[in-house]
Each structure stands twice: as C-alpha cells, then as structure tokens.
Amino acid sequence: MEKVRKILNWEFSTHLKIGALIRAVLIVYSIYHDDHYSVSYTDIDYKVFTDAAKHVYKGDSPYKRHTYRYSPLIAFMLLPNVFYTRTFGKQLFCVFDVFVAIALKILVERQLKNKENASKIAKYCSLFWIYNPMSIAISSRGNADSVPCFFVILSILFLQTDVIKNLFKYVLSGIFLGFSIHLRMYPLALSFPMYLSLGEYNINRNTRLLSGILSLVPNRKQLLLAFSCILTLFSLTYVMYAMYGYEFLFETYIYHLFRKDTRHNFSVLFYYSYLTIDDFSFDAVKTISQVFEGIILFVVSLTFGTKQETLPFALFCQPVVLVVYNSVMTSQYFIWFLSLLPLVVHSFEMRISQAFVLFTLWLSSQGAWLFYAYLLEFKSREVFLFIWLKGVVFFCANIYILAQLIKCYRPGYGFGLISKTNEIKSQ
C-alpha cells in the first residue's frame, strides 16, 4: 500500500508522460497485431475514417465510404492518414485523450471550494482517466470519441470555473458545447442541466404561480449559453450541409434516430431489434423505452442540475441513462460517461471494498456478454437468446450501480480529505 501511495504522489506531469507512453506503445503494437492476428486490434471505425479521408483527399464526399456516419470534420482531421502515416489518427485521438486528463485536473481543482487539498484531489481524479483501460484502448484502437469528450470537458470548464471571469465564459462554454453536439449527439442531453445550473430557483409549495413562472424566465447567463451553443451548432451544420447536402444530415444525424444494430450491441433491446429488423412500422417498444429514458433524464436534471455544486453529478448521470436505455450500445459509448466520472468520483462516500464489488459487477456482466458475442461473431454459434439474456443482466447491473452511486453521492466529500480537514478544524 505504501508503494501505491508513492506512485500516486508522483508529479502530475510524470503520470501524463506514462499515460502517453502507454498509448504510444499500444499504437505501435496495433500495427503488429493487425498484421499477425485474425481479430484486429484496430477499431473498424478507424478504417472507415481512413477510407472517408481518402475520398475527401480526392475532392469527393466522405459519405462515398459505406457506413461513414460521422461529421465530415472527422474525415478532415484524418487527412494525414492518407499522405503521412496510417497511425496519425490514433496519435491524434490519444493526444486528445491526454488533453482530457489535463482539462479534468484543472476543472476539478477549480471546482473545489476547499483549496487545501484541491490539487491532490484533482490529480487523483484525473488518474481515473489517464490509467483507465477503457479510455486507453478506445483511443489507441482509433476511436474518435475522445474528441467530443474533450470539448464537453472544456464547455464545463468555462461554465463552472473562473478561468475567464466575465460573461464571455458562458459564450465560450456554449461554443464548445455546440461543437461537441455537432460531433456527437449525446452532449445535447447535457445542455439542459447546464442551462438549469445558471438559474436561481426558489420554488416551493407556497410559491405563487406568477412568481414561479417569472423564476423560470432565462437570465443573461442562460441566454448567452443557449444562443452561443445554438449558433455554433447551426453554423457548423449549415456549412456541412452546403458542402454535402441532405446526405450529410441523414448519415450524421437522422440515421442514428432509427438505427438498428444486431451486432456488437450490449443493449437490452438487442434481440428485439434482431427479430424486427425488417419491420418499418411504428415501434411501440422502442418508443416506450425512449419515453422512460426522457422522464429519467428530466428528473435527474431537476434533481441535480439546478445547483452548481451538484451539476457535475447530473452531467455524469445523463450519458449513463442515455447509454443504458439506448437501443444501440457499444463499448465506445462508455467513454461518454467515463470521461465525466473523474468530475464526481471524489464525491462518492463508499468503502474501497464496495467500489471494488461495483466495478467487478460492471466488468463481469460485460465480460459475460462479450463471451457469447465472440461465439456468435467468430464461431458462428446460434446464441442470440443467450446474448439477449446477458444484455438484460448488463442492463440491470448498470441500473443497480447507478442507484448505488446516487446513494453514496456526497458533494464536497473529496475522497474524505475535505471532510477530515473540516473535522480537525472544528475540534
């Protein structure tokens, strides 16, 4: 345990270098692995990105590459894959991965009102991202989700800290939020609690109707955030639409609203989607699921999003609910909430043994699904029903874990360092 403490107390820059080195080694290893093994280390999406970049390099549309369903900006970013090196994109995504860690440390350190242990707590929080096997694997395999995650963290950074002290910080927050929504749709769910956190609400049972309505009128901060976000999103969308037309709108946004994925899908609706893949009528099951999802997102926003100190937890819960209830769930989606976990991990008052049990539950339920998915994908076994049952188990595990985190959530706990400091001072 003493050795672990010494490692944790290394300089933050040392941890960054180690994290970057681990990612660099895996990028080099991926070249060897892909050339010698049937199961590729590189994400299939990375090959799609590279092919789309080749089309852009020739002056064509990236959507000439079948299954490219991302913003053209990703293809633009990976142009060096064509004329420089095929690993450029992986290197770029890993750089964004490191940027996320730096932004997380700055954000957590400035969020904490008790400055005595703020730097230490912030460093520990960022380590949850630097050494997270999931984030390391996702970026080194060539997945682009570290890019929107970085812009989401930047948006929260300007919203909740004094990096910039005038009202322009809300404009910057909105710009980065709009940029992240353009790249990925999930940050749209984060916009509501972020908006609510800037208001002042004093509504109770004795509040008059007119006073309650007036308290909901947006203030200047909320207007700046909303307007800059909408303007950024609209501007980027308009430029891309002008370049690639309706094909851009459909492939990047509309397609995902009706997407059915019968492969690589952890969702509890996986087997149902498989059985109804050719059914284009009104989908009552999916609609009911989305209604429940919307209600939970709304309740979480109202519960934790209306206060600055609990906003990070609301932002963490939103993508968890989005991913768990979505009809399509893949490993890369976990990055959406894992990138926000460092913002709140210091506020969970639980024993290490309890945290280990929850982590084991999440990992083992996911591993059980992956085992049967392997049998289906590579052994051609007829195990669809088993995959669905494991999807149900994984769904229940995620819901249970989120419920336990809500129970253990204590704003300002700070790994117990803040609480202990306050107790000593009070004595």
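Trainee: Which residues does Asp60 touch, not counting residues up to four places away in sequence?
Mentor: Asp60 touches His55 and Tyr244. Keep in mind that this is a predicted model.

Trainee: What makes these count as contacts?
Mentor: Contact means heavy atoms within 4.5 Å. Asp60 meets that rule with His55 and with Tyr244.

Trainee: How far apart are Asp60 and Tyr244 along the chain, and what separates their C-alpha atoms?
Mentor: They are 184 residues apart along the chain. Their C-alpha atoms are separated by 9.4 Å.

Trainee: Where is Asp60, and why is Asp60 called partly exposed?
Mentor: Asp60 is in the loop between helix H3 (44–57) and helix H4 (72–77). Its relative accessibility is 28%. Buried means under 20% and exposed means over 50%. The value for Asp60 falls in between, so Asp60 is partly exposed.

Trainee: Thr67 is in the loop between H3 and H4 too. What makes its phi worth a remark?
Mentor: Phi of Thr67 is near 75 degrees, a positive value in a residue other than glycine. Thr67 has a relative accessible area of 31%, so Thr67 counts as partly exposed.

Trainee: Which value does phi take in Phe415?
Mentor: Phi of Phe415 is near 60 degrees, again positive in a residue other than glycine. Phe415 lies in the loop between H21 and H22. Its relative accessible area is 29%, between the two cut-offs, so Phe415 is partly exposed.

Trainee: Which residues lie nearest the centre of the largest pocket?
Mentor: Phe128, Val345, Ile352, Ala355 and Phe415. The whole lining has 37 residues, and the pocket volume is about 1,900 Å³.

Trainee: Which helix gives the most to that lining?
Mentor: H20 does, with 7 residues.

Trainee: How does the lining of the largest pocket divide by residue type?
Mentor: Into 30 nonpolar, 4 polar and 3 charged residues.

Trainee: How many cavities does a search of the whole structure find?
Mentor: The search finds 2 cavities of 30 Å³ or more. The largest cavity has a volume of about 90 Å³.

Trainee: What makes a site a cavity, and what makes it a pocket?
Mentor: In a cavity a 1.4 Å probe fits but cannot get out, while a pocket is an open set.

Trainee: Which residues line the largest cavity?
Mentor: Among them are Asp45, Tyr70, Asn143, Asp145, Arg184 and Gln332. The lining divides into 6 nonpolar, 2 polar and 3 charged residues.

Trainee: What makes H8 mostly covered?
Mentor: The count: 6 of its 8 residues are buried. The buried residues are Met134, Ser135, Ile136, Ile138, Ser139 and Ser140. They pack against helix H2 (12–36), helix H6 (88–111), H7, H18 and H20.

Trainee: Why is Glu293 called buried?
Mentor: Its relative accessibility is 9%. The cut-off is under 20%, so Glu293 is buried. Glu293 is found in helix H16 (residues 284–304). Its contacts, not counting residues up to four places away in sequence, are Val321, Leu322 and Tyr325.

Trainee: Where does UniProt place the feature "transmembrane region"?
Mentor: The unreviewed entry gives residues 144–161, 167–186, 223–244, 288–306, 313–335, 355–376 and 383–403.

Trainee: How much helix do residues 144–161 hold in the model?
Mentor: That span is 83% helix and 0% strand, with its end C-alpha atoms 27 Å apart. Residues 313–335 are 65% helix and 0% strand. There the end C-alpha atoms are 16 Å apart.

Technical notes: Residues are numbered from 1 along each chain as its sequence is written. This is a predicted model: local features need pLDDT of at least 70, side-chain atom pairs count only at pLDDT 80 or more; totals for chains, interfaces and linings use all residues. Side-chain values use heavy atoms; hydrogens and water are left out. UniProt positions are given in the numbering used here, feature names are shortened, and annotations may be inferred rather than shown by experiment. Helices (H or I, at least four residues) and strands (E, at least two) are DSSP runs, numbered from the N terminus. On a 1 Å grid over the protein atoms alone, a cavity is a set of points where a 1.4 Å probe fits but cannot get out, and a pocket is an open set with protein on both sides within 12 Å along at least five of seven lines; lining residues have an atom within 4 Å of a point. Grid points are joined across faces, edges and corners, and a volume is the space filled by probe spheres set on the points. Ala, Val, Leu, Ile, Met, Phe, Trp, Tyr, Cys and Pro count as nonpolar, Asp, Glu, Lys and Arg as charged, and the others, Gly among them, as polar. Buried means under 20% relative accessible area, exposed over 50%, partly exposed in between (1.4 Å probe, protein chains only).
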